[in-house]
Amino acid sequence: MYTFFLFSIFLIFLNIILLMISSMIQFKTNKNREKNSPFECGFDPSWYTRSPFSMRFFLLAVIFLIFDVEIILLMPLIINLLYSPSIIYLSSTMIFLIILIMGLLHEWNQGSLNWM
């Protein structure tokens, strides 16, 4: 019981010390030219954070994420087809690919893939 009490006191003091160190480090950040320069998006980091940006850029990024996740889901299906060829696996893979291609055609018809 006594060792548990000492250990808990030690943990409390350790947390207090870590909080103090982190608060000291936080105030020592210097703004330099590299920190204030725009990154890949082209926005100035010292601007208002809720400034509007292109909706086409947002849609293209979301489409990229969706198709990227679908490709990650497609890889195990292909590997599974190599080791256990079955009509069930083949049909589920074909349904998945048909849905993927239909989504791509829909985005193409809507004009979401056109950048300009």
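Mentor: Start with confidence. pLDDT is the predictor's confidence in each residue, from 0 to 100. The chain averages 78, and 75% of the residues score at least 70. This is a predicted model: local features need pLDDT of at least 70, side-chain atom pairs count only at pLDDT 80 or more, and totals for chains, interfaces and linings use all residues. Residues are numbered from 1 along each chain as its sequence is written, and side-chain values use heavy atoms, without hydrogens and water.

Now the pair. Helix H3 (residues 55-83) packs on helix H4 (residues 87-110) at an angle of about 160°, with the axes 10 Å apart. Helices here are DSSP runs (H or I, at least four residues), numbered from the N terminus. Axes are lines fitted to C-alpha atoms over the stretch in contact, and angles run from 0 to 180 degrees between N-to-C directions. The angle therefore makes H3 roughly antiparallel to H4 (over 145 degrees).

Contact means heavy atoms within 4.5 Å. On the H3 side, the contact residues include Phe 67, Glu 70 and Leu 74; on the H4 side, they include Phe 96, Gly 103 and Glu 107.

The UniProt annotation "transmembrane region", from an unreviewed entry, covers residues 6-25, 57-81 and 87-106. Such annotations may be inferred rather than shown by experiment. Residues 87-106 are 100% helix, with end C-alpha atoms 28 Å apart.

Methods
Helices (H or I, at least four residues) and strands (E, at least two) are DSSP runs, numbered from the N terminus. Angles under 35 degrees count as roughly parallel, over 145 as roughly antiparallel, 65 to 115 as roughly perpendicular and the rest as oblique.
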